[in-house]
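Reader: I am new to this structure and would be grateful for a close look at a single part of it. Please take the surroundings of the ligand as the subject.

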Amino acid sequence: MARRQIVTWNSEETIACGREIGARLKAPVLILLSGELGAGKTTLTKGIVSGFGAAPEDEVTSPTFTLVHKYGQGVPVYHVDLYRVEDARDFSTLGIEDIFREDAVVLIEWAEKFALPSDWSVFRIHLEHVSPDARRVTIEEGGDARKDV
Ligand SMILES: Nc1ncnc2c1ncn2[C@@H]1O[C@H](COP(=O)(O)OP(=O)(O)OP(=O)(O)O)[C@@H](O)[C@H]1O
Ligand SMILES: [Mg+2]
């Protein structure tokens with residue numbers, strides 16, 4: 001399993017880091033984003049979605065209320081935020097199992113709350129505050145989502 005860590009000093013650098021990740025993704029792939037509120041999960045997702053070529057970064061907004069956003073015309077990119085999803089019943093209404101039947105890129109914020117029905121290859125990305133404008137981004141590539149929970 002490959003693991004690397006970088007520190008970004010502003011949100012632009014986090015977006016640039018995401019672009020690099022997005023540019024080398026091959027679907028199907030699952031990206032689990034962890035880190036406290038405001039750590040930069042959605043900011044990094046802007047870069048990943050644009051680096052993959054699914055949408056410009058300013059079109060990528062937090063799916064806080066809508067829970068699932070979809071980008072892209074060819075290979076779809078789904079961005080899911082499970083923060084407000086309270087229980088397994090709510091989770092089951094999101095259609096995540098159907099998404100995992102597609103050939104897609106799936107990014108999930110707060111994924112640690114639920115067991116994910118997927119055996120896709122996984123990137124685990126953790127973001128931490130270092131200072132108000134700096135974040136430590138830890139990227140682990142490889143492994144299986146089912147081992148997480
Ligand atoms: N180095 C940095 N990287 C990312 N975001 C930064 C950085 N410095 C400051 N910020 C700011 O921190 C905030 C990160 O918010 P973002 O919505 O990406 O976090 P999040 O982890 O998705 O939060 P939530 O759990 O609420 O969804 C933004 O307002 C962004 O401008
Ligand atoms: Mg977010």
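Which of the 19 residues around ligand 1 come nearest?

Author: The model is a predicted one, and what follows is computed from it. Thr14, Gly40, Lys41, Thr42 and Thr43 come nearest to ligand 1, out of the 19 residues around it.

Helix α2 consists of 12 residues, and from its first C-alpha to its last it reaches 16 Å, close to the 16 Å expected at 1.5 Å a residue. Helix α2 is mostly covered, with 12 of its 12 residues buried. Among the buried residues are Lys41, Thr42 and Thr43, as well as Leu44, Ile48, Val49 and Phe52. Just after α2, Gly53 adopts a positive phi of about 90°.

The largest nonpolar core contains 31 residues, and Ile31, Val106, Leu107 and Ile108 have the most contacts inside it. At least two residues of this core come from each of α1 (11-23), β2 (29-34), α2 (41-52), β4 (77-81), β5 (105-109) and β6 (121-131). Strand β2 provides the largest share, 5 residues. Leaving aside residues up to four places away in sequence, Ile31 touches Ile48, Val106, Leu107, Phe123 and Ile125.

Definitions and conventions: Residues numbered from 1 in each chain as written. Chains lettered and ligands numbered in written order. Predicted model: local features only at pLDDT ≥ 70, side-chain atom pairs only at ≥ 80, totals over all residues. Core = buried A, V, L, I, M, F, W, Y, C linked by C-beta atoms within 7 Å. Buried ≥ 20, exposed ≤ 12 C-beta atoms within 10 Å, placed from the backbone. Helix = DSSP H or I, 4+ residues; strand = E, 2+ residues; numbered from the N terminus. Contact = placed C-beta atoms within 7 Å. Near = placed C-beta within 6 Å. Expected span 1.5 Å × (residues − 1).
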